[in-house]
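I opened my notebook to record what I looked up, going from the whole chain down to a single residue.

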Amino acid sequence: NVDAPVFHILYDFTCEWHTISKNFPKRDRYTLGERIFSELLSALGAVTKAQYTSSFKKLPHLFSASEHVNAAIVLIRITNTIGILLDKRYYAVAETLNTIGKQIGGWINDLRPPK
């Protein structure tokens, strides 16, 4: 179902990122901005697949979503380090991505068999 909270947060953030990256300098908009957007779209696609897959097949999609979110986190950190995304905006973005990562991680933990 499309009601997983992480889907909505990730969807909204992906749309927000599209707007944020429009304000990047031109050379960075088409490299870092687009690459981050692509990672977010891939994460969104993986979460969507997980929602519509039977329980025991969800994990690979969730691991993929987690990998894409982690890649986006690293790339966004680079934008802050090189001065494209300023601290205040960066911290808000990083907090949202950390929330998304925790929700995906929680979903993964809920699906793992007990030890």
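The entries below start with how the model is to be read and then turn to the fold, the surface and one residue.

Entry one, reading the model. I noted that this is a predicted model, in which local features need pLDDT of at least 70 and side-chain atom pairs count only at pLDDT 80 or more, while totals for chains, interfaces and linings use all residues. Residues are numbered from 1 along each chain as its sequence is written, and side-chain values use heavy atoms, with hydrogens and water left out.

Entry two, the fold. I looked up the secondary structure and found four helices and zero strands, where helices (H or I, at least four residues) and strands (E, at least two) are DSSP runs numbered from the N terminus. Along its principal axes, the C-alpha trace spans about 45 × 25 × 20 Å.

I looked up Glu-39, which is found in helix α2, covering residues 26–51. Is Glu-39 buried or exposed? I wrote down that Glu-39 is buried, because its relative accessible area is 10%. Leaving aside neighbours within four places in sequence, I found Glu-39 in contact with His-68, Ala-71, Ala-72 and Leu-75.

How values were computed. Buried < 20%, exposed > 50% of the residue type's maximum accessible area, 1.4 Å probe, protein only. Contact = heavy atoms within 4.5 Å.
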